[in-house]
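Please read the following report alongside the sequence and the coordinates.

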Amino acid sequence: MTSEIDLRGTDTSGTDTSGTDTSGTTTAGGSPAVPEQGANAREFARAQRSIPGGVNSPVRAFRSVGGTPRFMVSAQGPYITDSEGREYVDLVCSWGPAVLGHAHPEVVKAVQDAAARGLSFGATTPPETDLAELVRARVTAGGVAPIEKLRLVSTGTEATMTAIRLARGFTGRDVLIKFAGHYHGHSDPLLAEAGSGLATLALPASAGVPAATAALTIVLPYNDLDAVRTAFEEFGQQIAAIIVEAAPANMGVVPPAPGFNAALAATAHEHGALLIVDEVLTGFRVGSAGWWGLENAPAPDGVVVHPYTPDLVTFGKVVGGGMPLAALGGRADVMDHLAPLGPVYQAGTLSGNPIAVAAGLSTLRLADAAVYEKLDAASLIISDAVSSAFAEAGVAHSLQRAGSLFSFTFGSDVAPRDYADVQRQEAFRYAPFFHSMLDAGVSLPPSVYEAWFVSAAHDDTAIGRIVDALPAAAQAAAAATPA
Ligand SMILES: Cc1ncc(COP(=O)(O)O)c(C=O)c1O
Ligand SMILES: NCC(=O)CCC(=O)O
C-alpha cells in the first residue's frame, strides 16, 4: 500500500491532507518517480473552487468509489501519469478513443502538421471528405454498406441529438424509444434512465429536462423484444425511431441477445420507424466496422445469422482519435434531410475541425486488422486474469464481453441482461477493488457501471503490472461490506 491511500476523502475542504510518499514508487520503465506529494489533492481542492465538483464531466469525479481524482498530466502508450509523477497502466483510455494507446507518434505528427496549417477555418476542407469516405468504406459487412452519407460533428452527444432530430424530421413523428441503462450523451430526450454517470450517481433522469420532452421518450427494458413490440402496438404511428447502443457498455457491458438488434430493425421498419444504432463507444473499437460489422460479418459458410441494416449510425471517440470529433451517418435519403439539402437543421462552428479530422484520419488508417487482433488478445488476457483473481478470492461475479470491451458485475455468476439485473449487484465490492488497483498503479474506470478499455499498446509489461496487482485487489473486493 502506498501513500495514495492518504489522499482519499479529501474533498471540498481545500486542505492538503496528503501524507508523505515513502513508497519509493517507480515508473514502469524502472526509473524512480519524483512525486510532487499531495498534488492531486491540492489540484482537486483548487478545481472545486472554480469548476462544479472540480470536474468537467461527472464520470471523472470518483463519486461512487470515493477519494481524490487523479489529475493527469501526460499519457503515453498504455500508461498515464498524474500530477504526483505516478504512472498508471490505463484501462480507461480516455473512455474509448485511445485505441492505439496514448499519443501514438504518427497521430501526434498528423495533429502537429494540421495545427501548423491553421487551427480552424470555418470552411470546408478536403480531409473531411477523406474521413467520410474512409468511414463509408470501412463500415461494410457481407456486401452491405449502411453509411451512404456522413456528417461530422464534435461530440457523441451532438451525433445522437442530431440523429434523433433527423429521425423525427424524416418520419414526421415525435416519439422515441430508448432502453434503460443505455447512454447516448446528454441531450434532453435521452437522459431518462441513462447509464454511465447517471447510473453511477443513481440519477433516474436529469433535472432541467422539460416534462413535455421526457414524455416523448419511451424507456424500455433492454433485451426485451416483447416490450418493444407492445410499445409499437400501442404507439406505432407516433414512433419516429428506436435508438440503441450497438452493444451496451454504459451499464457495464451487457451485450445484445443474439438477433436482438436485427429484431429491432425489423420491428421499427414494419411500423415506418427508423433504427438508430449508437456506435459512439463501440465504433472502430470492437472491430474495423464496429459492433454492426461483427454482427453482420458472414460466417465461414457465407451466412449472416441475424442480418440487419440500421437507418442511422452514430460514431464518436475513436473516429476522432482523441480529439473532439464525432459523426452520424446512414441512408442517403434520410441524411439528405439535413440542411442545407433538407429541412432538419444542424450546424457547428468547429464541425469537421481540421486538427480533429487529422487525428481521426490518422487513427483510423493505423487501426488495421493487426490492431484489432492485439486489442482482442489483450482484452481476453486481462479479463480472464481479473475473473480468475475474483474466483480465487471467492468473489461471486460475472464477466461480460462485447468484442474487446468488458466489465464485471458482483454478487452472482449469472450475467445481467438488462439494467434492473445490473442494479441488483453487490456494487459495494467495486470501490475497494478499484482503490487497491489504483494504489498498485492501475487506473480503472471509477465506476462499476463503466466498461474497461484496453489499447493495442497494452503489451506484456503493462499486462504484467495489472496481473500483479490483482490478488490483493480481489481480496479487498472479497472483504468489502455494504456501506
Ligand atoms: C454509446 C454512447 N453514445 C454517446 C455518448 C456521448 O458521447 P460524448 O461524451 O462524446 O458526448 C457516449 C459516451 O460518452 C456513449 O458511450
Ligand atoms: N462510458 C461513459 C463515457 O464514455 C462518458 C465519458 C464522459 O461522459 O466523460
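The sections below describe the model part by part.

## Basis of the description

This is a predicted model, in which local features need pLDDT of at least 70 and side-chain atom pairs count only at pLDDT 80 or more, while totals for chains, interfaces and linings use all residues. Residues are numbered from 1 along each chain as its sequence is written, and chains are lettered from A and ligands numbered from 1 in the order in which they are written.

## Domains and their contact

The protein chain is divided into domain 1 (3–57 + 73–102 + 371–398 + 411–425 + 441–468) and domain 2 (105–366), with bounds that come from an automatic or database domain assignment. The C-alpha centres of domain 1 and domain 2 lie 27 Å apart. Across the boundary, 20 residues of domain 1 are in contact with 30 residues of domain 2, two residues being in contact if their C-beta atoms, placed from the backbone, lie within 7 Å.

On the side of domain 1 that touches domain 2, α12 (369–393) and α13 (419–423) each supply at least two residues, and α13 gives the largest share, with 3 residues. Helices here are DSSP runs of H or I with at least four residues, strands are runs of E with at least two, and both are numbered from the N terminus. This side of domain 1 divides into 14 nonpolar, 3 polar and 3 charged residues, where Ala, Val, Leu, Ile, Met, Phe, Trp, Tyr, Cys and Pro count as nonpolar, Asp, Glu, Lys and Arg as charged, and the others, Gly among them, as polar.

## Shells around the ligands

Ligand 1 is surrounded by 14 residues, of which the closest are Gly156, Thr157, Gly185, Val280 and Leu281; a residue is near a molecule or strand if its C-beta atom, placed from the backbone, lies within 6 Å of it. Helix α4 (residues 156–171) gives the most to this shell, with 3 residues, and the shell around ligand 1 comprises 4 nonpolar, 8 polar and 2 charged residues.

Around ligand 2 are Ser57, Val59, Trp95, Gly96, Tyr183, Ser196, Gly197, Asn250 and Glu450, which divide into 3 nonpolar, 5 polar and 1 charged. Both domain 1 and domain 2 contribute at least three residues each to the shell around ligand 2.

## Lys317

UniProt, in an unreviewed entry, lists Lys317 for "modified residue: N6-(pyridoxal phosphate)lysine"; UniProt positions are given in the numbering used here, feature names are shortened, and annotations may be inferred rather than shown by experiment. Lys317 is placed in the loop between β9 (312–315) and β10 (326–330), and it counts as buried because it has 27 C-beta neighbours inside 10 Å. A residue is buried if 20 or more other C-beta atoms lie within 10 Å of its own, exposed if 12 or fewer, and partly exposed in between, with C-beta atoms placed from the backbone.

Leaving aside residues up to four places away in sequence, Lys317 touches Trp95, Gly96, Pro97, Gly156, Val280, Leu281 and Arg285.

## Strands and pairing

An open sheet of 4 strands has the order β1-β2-β3-β13 with mixed pairing, and its edge strands, β1 (72–76) and β13 (442–443), each pair on one side only; two strands pair if DSSP finds at least two bridges between them. β3 and β13 pair in the parallel sense over 2 bridges, with Ser443 in β13 as the bridge partner of Asp90.

Strand β5 (residues 175–179) runs parallel to β6 and is joined to it by 4 bridges, and Lys178 has Val219 of β6 as its bridge partner. Within β6, Thr217 and Val219 point one way and Ile218 and Leu220 the other way, and all are buried. β11 and β12 form a hairpin with 2 residues between them, and Gly403 in the turn has a positive phi of about 60 degrees.

## Backbone features

Most residues other than glycine have a negative phi, and most peptide bonds are trans. The peptide bond from Ala339 to Pro340 is cis, with omega near 15 degrees, and Pro340 lies in the loop between α10 (332–335) and α11 (354–366).

Ala103, which is not a glycine, has a positive phi of about 50 degrees and sits in the loop between β3 (87–90) and α2 (105–116). Asn223 has a positive phi near 65 degrees and lies in the loop between β6 (217–220) and α7 (225–235); Asn223 counts as partly exposed, with 19 C-beta neighbours inside 10 Å.
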